[in-house]
Every structure is written in C-alpha cells, then in structure tokens.
Amino acid sequence: MTKANRNTLLVGLAAAILVAGVVSYFASAQPDGLEKTQADLRADAPRHGGVEAPPVAFNEYSLKGLGEGFWANAAAGVAGSLLVLAILLGVGWLIRRRGETVKTSPDSQDAA
Amino acid sequence: MHIGPGFLSPAVWASTAAVSGAALAASLAVANRRLDDRRVVLMGVMGAFVFAAQMVNFPVLPGTSGHLGGGFLLGILLGAPLAIVVMASILVVQALVFQDGGVEALGANVLVMGVIPALVGAAVRRLWRRRAGVLADIATFLGGLAAVLIGATAVILLLRLSAALPGSVSLWQAIGVMDLVHLLIGAVEGAASVAVVRFVLKTRPEAVFAGAGSRMEATSA
C-alpha cells in the first residue's frame, strides 16, 4: 500500500471514529425529520407487517451490557464504522480481482 | 430519514427492492472499470465516515432533528455506481445490526438515501471534474438541497402508495410538512458536502478523478 493510501486510511478512520465514537454522543435525541412528519400527520403507527432485525449485539446504537451511556454509544459507533470499512474494502478487493482476471492488462499475469 | 418497519405495503417494498436491487447489480457490474487501490481506500474510508456522520443528529426546528444522508457527497467523490454500493452497505449494516430502518424497507431506503442522491451527486461531479471554484460550490450546495428534497418527497409518495398516511391529509399537505423540515436538513447537507468535497479534492485529487479505469497501480497492496 502506498504512503498516500495509508495516510488516507488513517486520517479517514480517525475522523470516522472521532465522529461516531465521541461527537455522536452529543447528538440531538429529538425525532428526525421523517419521524416528526409522521407524528405530525398522525401516521406514526405501523400499518403493515414489518420486520425489525433482532437486537443481537446492539440495542439500536448502544452496545448491549453497557447500558445507554457514553461507552455503549462509543462502542456502537466504532464497531459500525469498522464494519462498514471492512465490508467496503472486501467488496472493493473482490471487484478488483474479478476485473483483473477478465481484462487482458499487462499486469494480469500477476493476478493470483 | 430511514423508513421504519411496518410502514410500507408489500407491493411498495417489493417493487422498491426490485429497483434498488437492479441499480446495485448494475453498479457492481460497471464498478471494476473504476477501481484502483486509491479508489478502494477512498470508498472504504468515505463509507465509514458517512456511517459516522449519520449518527450525529443536529437540531433543526423545535422538536425535530436531522442528520446527513451522504449519498450526494459520495456521488460527487466516487461517481454514482460506487456511491450506490457504499450507501447500500451502510444501510444494510444500519438495518441488520442497529435496527435502524425496517428490514423489509431496505430497498426503499437504498432508493431514497442511496440511488437518488448518488445520481444527483454524479451530475454535480462533472462540474468538479472540469474546474473547482465558486460555480462548483454553489452547484454542490443546491444539489445537496435538491437531493434531500427529492428523497423526502419520494418517501411521502411511498407512504401514500402504502396507505400509511391518513386519508384526511392531502398528498400536497404531507409533502409540504415533510419538505419544510427537510429544507433545513438539505441546506446542512449541501453546506457539509461543499466542505467535505473541497477537503478531499485538496488532499487526494488523484483518488477522486483517477482517469476512470485506465490506470491500475502495478504494485498493489
């Protein structure tokens, strides 16, 4: 990995972790624009069968077992950011590999 | 703006899932022409950052908050296909891990917070490719505002089609209430997009506009 890529990764990840792990704790707890609109229009009760994912490790943005405080939120934010990063690096790597085997580029022989 | 579980009718969530699924498949199909190491890293880092930014609700009107969408910003920095891949990944994690948004509403949420803003962002991307400057700044601010308002209006249409709004409320009333709040949220989205695009273009211009597919770094990872 080039130095520029490593720096981007470190700076971007630090920003994400700071925002998700710390700043988000001070976020407004008021309903968001859609929730407020649905409440104002008296349309906030589900009308169809819906599916909510089971709270396996997190109760919304709080790590289970840590209550609702700063650390529960920080753990959720950091874990979510890292999970998204890992998924996207994985997907990006898979797409690239597929591209390398399809294309007849000069460096395609190097592709394992 | 995540649509929660139980608000969309089966016909609406199934058809929006089909549209978003097709958009995602098409995005993945064309993505390999756009990827080099720099773009994979930028895509991953921007995804983590947008996930983080979405956790920060800021107050707007009394009793209301908003948060960034990010799909528009990603459309500018990555182009529509990669932006759609990133937003779909974020929304899947939010729905499955953090119970943010209904699982059956994933397709609709990807449409209004991923596909639509990514396409608006991709249109503004052309301006930045030509020249950074006041014109691109203004277009980015207005584009971010428009992307949020189009998405907000689409949510109301989907709720109406799902019979999830009371019959006593007209469609225009509902759109008015929704878009008034999102006018302010959209202004923040636009302003934040200007700041982030400027920063990323200043620090990693070659990762944003990497001569689409012609340059593959010979020494990978």
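Predicted model: local features only at pLDDT ≥ 70, side-chain atom pairs only at ≥ 80, totals over all residues.
A residue is called buried here if 20 or more other C-beta atoms lie within 10 Å of its own.

Chain A, then. Of its 112 residues, 29% count as buried. The secondary structure amounts to three helices and two strands. Going from the N terminus, the order is α-α-β-β-α. As for contacts within chain A, take those with a separation of 6 or more: 42% of them are between residues 24 or more positions apart.

Next, the interface. How many residues of chain A are in contact with chain B? There are 57 of them, and they meet 67 residues of chain B. On the chain A side, the elements that give two or more residues are helix 1, at 3–21, helix 2, at 33–40, and helix 3, at 70–102. Helix 3 of chain A provides the largest share, with 17 residues. By residue class, the side of chain A that touches chain B splits into 30 nonpolar, 17 polar and 10 charged.

Now chain B. Its count is eight helices and two strands. Along the sequence the pattern reads α-α-β-β-α-α-α-α-α-α. The radius of gyration of chain B is 17 Å, and the globule rule gives 17 Å for 221 residues, so chain B is as compact as a globular protein of that length. Along the principal axes, the C-alpha atoms fill a box of roughly 60 × 35 × 25 Å.

What share of chain B counts as buried? The figure is 58% of the 221 residues. In chain B, of the contacts between residues at least 6 apart in sequence, 79% join residues at least 24 apart.

I will finish with one residue in chain B, namely B:V115. This valine sits in helix 5 of chain B, which covers residues 106–130. Is B:V115 buried or exposed? B:V115 counts as buried, because 27 C-beta neighbours fall inside 10 Å and the cut-off is 20 or more.

Which residues does B:V115 touch, if those up to four places away in sequence are not counted? They are B:S20, B:A23, B:I84 and B:V110. Of these, take B:A23: B:V115 and B:A23 are 92 residues apart in sequence, while their C-alpha atoms are 7.3 Å apart in space.

That is what I have on the two chains.

Conventions. Residues numbered from 1 in each chain as written. Chains lettered and ligands numbered in written order. Helix = DSSP H or I, 4+ residues; strand = E, 2+ residues; numbered from the N terminus. Buried ≥ 20, exposed ≤ 12 C-beta atoms within 10 Å, placed from the backbone. Contact = placed C-beta atoms within 7 Å. Nonpolar A, V, L, I, M, F, W, Y, C, P; charged D, E, K, R; others polar. Rg over C-alpha atoms; globule rule 2.2 N^0.38 Å.
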